Amino acid sequence: MRFLKLQQVMDKTSLCRSSIYNLINAGQFPKNVTVMGKRKAWLESEIEDWMMRKIEGIE
């Protein structure tokens, strides 16, 4: 299990920051978690699952 920073999520998905947050607000993208203080991150496995669902045409 690994945490990804926003820039890593952007690089992995080819989405920009605003698209990621728009998808989160629409309930269509994994939410970030608080790692410590104000530091937020995403679970790599959740991002990869989201990407696989996109490839399979499920979402």
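In what order do the elements of the protein run from the N terminus on? I read them off as β-α-α-β-β-α.

**Entry 1: ground rules**

I am looking at a predicted model, where local features need pLDDT of at least 70, side-chain atom pairs count only at pLDDT 80 or more, and totals for chains, interfaces and linings use all residues. I number residues from 1 along each chain as its sequence is written, and my side-chain values use heavy atoms, with hydrogens and water left out.

**Entry 2: the whole protein**

I found three helices and three strands.

Next I looked up the overall size. The C-alpha atoms fill a box of roughly 35 × 25 × 20 Å along the principal axes.

How much of the protein counts as buried? I get 29% of the 59 residues. Here buried means under 20% relative accessible area, exposed means over 50%, and partly exposed is in between (1.4 Å probe, protein chains only).

The protein exposes about 4,300 Å², and carbon and sulfur atoms supply 52% of that area. The areas come from the Shrake-Rupley method with a 1.4 Å probe; for residues, only the protein chains shown count as cover.

I also looked at contacts, meaning heavy atoms within 4.5 Å. Among contacts with a separation of 6 or more, 40% are between residues 24 or more positions apart.

Then came the charges: 10 positive and 7 negative side chains, with the centres of the two sets 11 Å apart. Lys and Arg count as positive and Asp and Glu as negative, while His and the chain ends are not counted. Each charge is placed at NZ of Lys, CZ of Arg, CG of Asp or CD of Glu.

I moved on to Thr13, which lies in helix 1. Thr13 counts as buried because its relative accessibility is 13%.

What does the side chain of Thr13 reach with its polar atoms? One polar atom lies 2.8 Å from the backbone oxygen of Val9, and I also find a distance of 3.3 Å to the backbone nitrogen of Leu15. Leaving out residues up to four places away in sequence, Thr13 touches Ile20, Phe29, Ile47, Trp50 and Met51.

Ser14 sits in the loop between helix 1 (6-13) and helix 2 (17-25). Ser14 is exposed, since its relative accessible area is 66%. Its phi is near 65°, a positive value in a residue other than glycine. I made a note that most residues other than glycine have a negative phi. From Ser14 to Arg39 I get 22 Å, C-alpha to C-alpha, for 25 residues in sequence.

**Entry 3: Met10**

Met10 is in helix 1 too. Is Met10 buried or exposed? Met10 is buried, because its relative accessible area is 19%. Beyond four places in sequence, Met10 touches Leu15, Cys16, Arg17 and Ile20.

**Entry 4: Val33**

I found Val33 in strand 2 (residues 33-36). At 33% relative accessible area, Val33 is partly exposed. Val33 and Phe3 are 30 residues apart along the chain, with 9.2 Å between their C-alpha atoms. Phe3 is also among the contacts of Val33 beyond four places in sequence, together with Arg39, Lys40 and Ala41.

**Entry 5: Glu44**

My last stop was Glu44, in helix 3 (residues 44-56). Glu44 is buried, as its relative accessible area is 17%. Which side chain makes a polar contact with the side chain of Glu44? I found Lys12, at 3.3 Å.

Conventions. Helices (H or I, at least four residues) and strands (E, at least two) are DSSP runs, numbered from the N terminus. A polar contact is a pair of N or O atoms within 3.5 Å; within protein, one must be able to donate a hydrogen and the other to accept it, and residues adjacent in sequence count only if both atoms are side-chain atoms.
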